[in-house]
Amino acid sequence: MSGDVFLIVERGTRIYDLGPQHPLRPDRVLLTWDLIEACGLDQLPNVQVSGAAPASTVDLGRVHTSAFIDATARAGHGEGGDWGRFGYGSGDNPVFADMHEAGALVCGASVAAAAAVWRGEAAHAFNASGGLHHAMPERASGFCVYDDPAVAIAWLLAAGAERVAYVDLDVHHGDGPQAIFWNDPRVLTVSLHEYDPPFFFPGTGGMRERGGSDAPGSAINVPLPRGTGDDAWLEALRTIVPRAVTEFAPDVLVTQLGCDTHHTDPLAELRLTTRAYRDGAAVLHELAHGAAGGRWVATGGGGYRWAHVAPRAWTLVFAEMAGAAGDLPDELPTAWVERAEARAGEPMPTVFSEPSLPAHAADDEARQVVAAVADIVWG
Ligand SMILES: [Zn+2]
Ligand SMILES: [Zn+2]
């Protein structure tokens, strides 16, 4: 049950590069496309590979202020100015060359995915370079310049979609889309994330954040404790997301699939293995067909084990989107492993699967959180 699937491969997005010491490395995405190709998924008869053009100022302007867009362009072209006012200059968001062009191209890739799905050229579309979900209307944040999931959602609404559901599985709260559509009843935002304020970024995403006065109930948050593992995370996903999205009855499902939830991720403390990405993608795929007419726009997101985890996680996601998950061998193609090892300078895993981790006290705590969230939402 897949239909045509678009794989957005826009290698120009490699200019979204915050520097050699920064965790958000372009290699995360480049190695993902390499692995998808090495597995032959781009050659499937139902898969079409497409590039993208930069998002226009009109597209960006549905989400971001003109002052912020102008400041981003000028700072990225080397002009001096009070860029700290717009979130630039910190370790998270250093000014980098051509950052407006880089951010606009990532947004354009997510808009291309949204447009392919909305126009019926594809049932599903995947932009692994996207998922920059912390950017705010007038401020860069959390490695993110422009908020491509929000720009894609705003494009869908402008194109005629009446309702869009956004599901964010990154380990960090999807604070950008939640804030941007806080008062918009046309957009449901659902986020599963590690939650430990004020220590864990961004500190928002408590279970009582439910949307603004014009859109009560339009935000749902599942704030999970550090240490949550595969089974409890998948239970949270299956308990909250399909019911919430099905009740909302969206025209399109947009998902952010950050894989910084992995147990080895250096920036976070959830304990997922690749099984959660494989099984989670299957849940979303079934949901897209059951609740959104099959229309599914997927982006990447965080994921800072850039060679070990992100390429495998997102290849598993794309195999599911393409209806090929059951045919994907567990062995990684040798040529890809060699290339990734050369890039990373250390040994790579040779299979998609990983051993299960032992149960953890956080899993029961996570189940209590899920019960509390269900009570708040449906009580
Ligand atoms: Zn499908
Ligand atoms: Zn993240």
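Predicted model: local features only at pLDDT ≥ 70, side-chain atom pairs only at ≥ 80, totals over all residues.
At what angle do helix α1 (residues 27-38) and helix α9 (residues 310-321) pack, and how far apart are their axes?

1. Packing of α1 and α9. The two helices, α1 spanning residues 27-38 and α9 spanning residues 310-321, pack at an angle of about 50°, and their axes lie 8 Å apart. Helices α1 and α9 are therefore oblique to each other. An angle counts as roughly parallel under 35 degrees and as roughly perpendicular from 65 to 115. The crossing of α1 past α9 is right-handed.

2. Overall architecture. The protein chain contains eleven helices and eight strands. Its radius of gyration is 19 Å, close to the 21 Å that the globule rule gives for 379 residues, so the chain is as compact as a globular protein of that length. Along the principal axes, the C-alpha trace of the protein chain spans about 50 × 50 × 40 Å.

3. Burial and contact range. Of the 379 residues in the protein chain, 55% count as buried. Where contacts join residues at least 6 apart in sequence, 76% of them link residues at least 24 apart.

4. Surroundings of A232. This residue belongs to helix α7 (residues 230-248). Is A232 buried or exposed? A232 counts as buried because it has 25 C-beta neighbours inside 10 Å, the threshold for burial being 20 or more. When residues up to four places away in sequence are left out, A232 touches D363, A366 and R367. A separate distance concerns W378: its C-alpha atom and that of A232 are separated by 20 Å, and the two residues are 146 apart along the chain.

5. Which peptide bond has an omega near 5°? The bond from P197 to P198 has this value and is cis. P198 is placed in the loop between β5 (187-194) and β6 (219-224). A cis peptide bond also joins F201 and P202, with omega about -10°. P202 is likewise found in the loop between β5 and β6.

6. Positive phi at D98. The phi angle of D98 is near 55°, which is a positive value in a residue other than glycine. D98 is located in the loop between α3 (66-76) and α4 (99-118). Because D98 has 16 C-beta neighbours inside 10 Å, it counts as partly exposed.

7. Positive phi at A249. Phi of A249 is near 55°, again a positive value in a residue other than glycine. Where is A249 placed? A249 is in the loop between α7 and β7 (252-256). With 13 other C-beta atoms within 10 Å, A249 is partly exposed, since a residue counts as exposed if it has 12 or fewer such neighbours and as buried if it has 20 or more.

How values were computed
Residues numbered from 1 in each chain as written. Chains lettered and ligands numbered in written order. Axes fitted to C-alpha atoms, helices over the stretch in contact; angles between N-to-C directions. Helix = DSSP H or I, 4+ residues; strand = E, 2+ residues; numbered from the N terminus. Parallel < 35°, antiparallel > 145°, perpendicular 65-115°, else oblique. Left-handed = near helix turned anticlockwise from the far one by under 90°. Contact = placed C-beta atoms within 7 Å. Rg over C-alpha atoms; globule rule 2.2 N^0.38 Å.
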